[in-house]
Amino acid sequence: MSETTAEEELPQSLVTDCETSLVDGEGKNSLSLSCLHCDCLLLRPNIALFKSLPEMLLRRDGERSEVEVLSDFWMVTDMFQFENMAFSKNVEDVKYLACAECDIGPIGWHNLCDQKCYVALNRIKHH
Ligand SMILES: [Zn+2]
């Protein structure tokens, strides 16, 4: 396999850079999560747990098949904890998450097997 260089070129995680501001002492989000495009509030602070997953592939948008490698996620165990979130139709074992206001997505996915939601840190805004 010749994929080692791709790994090395990945930017260091957002959390490494601003760990103190994004993750609180319990590993939860210290800031609100909102939409990159319309500022819609998606999740209030202290709900999601930070998870670093082995490189996950997530489409950049609904039309192109281009995928982005992501590894930093907020895990939400109950989909009803979101303030605003749109869910796609079932795609195999997941539903994709999108902003409920502007429909920009996918910003993460909902796993139908364990009911957990994962939101990519790179696809949302913290404030
Ligand atoms: Zn939005």
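Strand 4 and strand 8 pair in the antiparallel sense, over 4 bridges. Within that pairing, Phe 73 has Ala 120 of strand 8 as its bridge partner. The model is predicted.

- Strand 7 (residues 108–111) and strand 8 (residues 117–120) run antiparallel and are joined by 3 bridges.
- Gly 108 has Val 119 of strand 8 as its bridge partner.
- His 110 is bridged to Cys 117, also in strand 8.
- Strand 7 and strand 8 form a hairpin, with 5 residues between them.
- In the turn of this hairpin, Gln 115 has a positive phi of about 70°.

- The largest nonpolar core has 21 residues.
- Those with the most contacts inside this core are Leu 42, Trp 74, Val 76, Leu 97, Ile 107, Val 119 and Ile 124.
- Strand 1, strand 2, strand 4 (67–76), strand 6 and strand 8 each supply at least two residues of the core.
- In soluble globular proteins, nonpolar side chains tend to be buried together.
- Beyond its neighbours within four places in sequence, Val 76 is in contact with Leu 43, Ile 47, Ala 48, Gln 81, Phe 82, Lys 116, Cys 117 and Val 119.

- Strand 1 (residues 33–35) pairs with strand 9 in the antiparallel sense over 3 bridges.
- Leu 33 has His 126 of strand 9 as its bridge partner.

**Cys 102**

- Cys 102 sits in the loop between strand 6 (94–98) and strand 7.
- Why does Cys 102 count as partly exposed? It has 14 C-beta neighbours inside 10 Å, while a buried residue needs 20 or more and an exposed one has 12 or fewer.
- Outside four places in sequence, Cys 102 is in contact with Cys 35, His 37, Cys 38 and Cys 40.
- Cys 102 and His 37 are 65 residues apart along the chain, yet their C-alpha atoms are separated by 7.7 Å.

**Asp 24**

- Asp 24 lies in the loop between helix 3 (19–22) and strand 1.
- Asp 24 counts as partly exposed because it has 14 C-beta neighbours inside 10 Å.
- Leaving aside neighbours within four places in sequence, Asp 24 is in contact with Ser 30 and Asn 46.
- From Asp 24 to Phe 50, the C-alpha to C-alpha distance is 9.5 Å, across 26 residues of sequence.

Definitions and conventions: Residues are numbered from 1 along each chain as its sequence is written. This is a predicted model: local features need pLDDT of at least 70, side-chain atom pairs count only at pLDDT 80 or more; totals for chains, interfaces and linings use all residues. Two strands pair if DSSP finds at least two bridges between them. Two residues are in contact if their C-beta atoms, placed from the backbone, lie within 7 Å. A nonpolar core is a set of buried Ala, Val, Leu, Ile, Met, Phe, Trp, Tyr and Cys residues joined through C-beta atoms within 7 Å.
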